[in-house]
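This report concerns side-chain packing in a single structure. Please consult the sequence and coordinates shown here alongside the text.

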Amino acid sequence: MVMISLTEILLLTEAAPQDSVLVNAVNDKKILALYYKGDRENSPGWRTGVIPVCFGITNGKKYLRVWQTTGKTTTQIPGWKLLRVDRISNINVLSKKTADSVPDSRFNPSGDRQIQNILAIAKF
């Protein structure tokens, strides 16, 4: 049984406009560019070539699991990223749809170890 906190219930019922954009991007496998500020950065920057594969809530915060191929990052590209949604300030859809194949063999279609309550997960 999955327990959902009151905070998470409120987050689910008070969805921000960008939530529907992210859910659609995950379901439709759209390629995005995101303006994002990570934990270890002094200023935000564009993450481009971002394929969102999972969107959900952990400990009262919304997260987006992505495969990033280009753009600013403090880690390796291409690579998996876990982005806090509250740190995304702009979203642009770059492409109608990604390839129908999984971006990396480590993608788990059943869930994400770091996202407790999944709201959307890509089906490849």
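The account below covers the nonpolar core, the aromatic pairs and one lysine of this predicted model.

**Nonpolar core**

The largest nonpolar core comprises 24 residues, and those with the most contacts inside it are Leu22, Leu32, Leu34, Phe55 and Leu64. At least two residues of this core come from each of α2 (17-28), β1 (31-36), β2 (45-58), β3 (61-71), β5 (88-95) and β6 (117-121). With five residues, β2 gives the most to this core. Apart from neighbours within four places in sequence, Leu22 is in contact with Leu32, Phe55, Leu64, Val85 and Ile91. In soluble globular proteins, nonpolar side chains tend to be buried together.

**Aromatic pairs**

The structure holds four aromatic pairs. Two of them are tabulated here.

| Pair | Centre to centre | Angle between planes | Class |
|---|---|---|---|
| Trp67 and Trp80 | 5.0 Å | 70° | edge-to-face |
| Trp80 and Phe107 | 6.4 Å | 20° | stacked |

Because Trp67 lies in strand β3 and Trp80 in strand β4 (residues 79-84), their pair ties together parts that are 13 residues apart in sequence. The pair of Trp80 and Phe107 links strand β4 to the loop between β5 and β6, 27 residues apart. Trp67 counts as buried at 9% relative accessibility, Trp80 as partly exposed at 21%, and Phe107 as buried at 12%. Ring pairs link Trp67, Trp80, Phe107 and Phe124 into a cluster.

**Lys29**

Lys29 is placed in the loop between α2 and β1. Is this lysine buried or exposed? At 8% relative accessibility, Lys29 counts as buried. A polar atom of the Lys29 side chain lies 3.0 Å from the backbone oxygen of Lys123. The charged end of Lys29 sits over the ring of Phe124, 5.6 Å from the ring centre.

Notes: Residues are numbered from 1 along each chain as its sequence is written. This is a predicted model: local features need pLDDT of at least 70, side-chain atom pairs count only at pLDDT 80 or more; totals for chains, interfaces and linings use all residues. Side-chain values use heavy atoms; hydrogens and water are left out. A nonpolar core is a set of buried Ala, Val, Leu, Ile, Met, Phe, Trp, Tyr and Cys residues joined through side-chain atoms within 4.5 Å. Buried means under 20% relative accessible area, exposed over 50%, partly exposed in between (1.4 Å probe, protein chains only). Helices (H or I, at least four residues) and strands (E, at least two) are DSSP runs, numbered from the N terminus. Contact means heavy atoms within 4.5 Å. A polar contact is a pair of N or O atoms within 3.5 Å; within protein, one must be able to donate a hydrogen and the other to accept it, and residues adjacent in sequence count only if both atoms are side-chain atoms. Rings of Phe, Tyr and Trp (its six-membered ring) pair if their centres lie within 6.5 Å; planes under 30 degrees apart count as stacked, over 60 as edge-to-face and the rest as tilted. A charge sits over a ring if NZ of Lys or CZ of Arg is within 6 Å of the ring centre and within 35 degrees of the ring normal.
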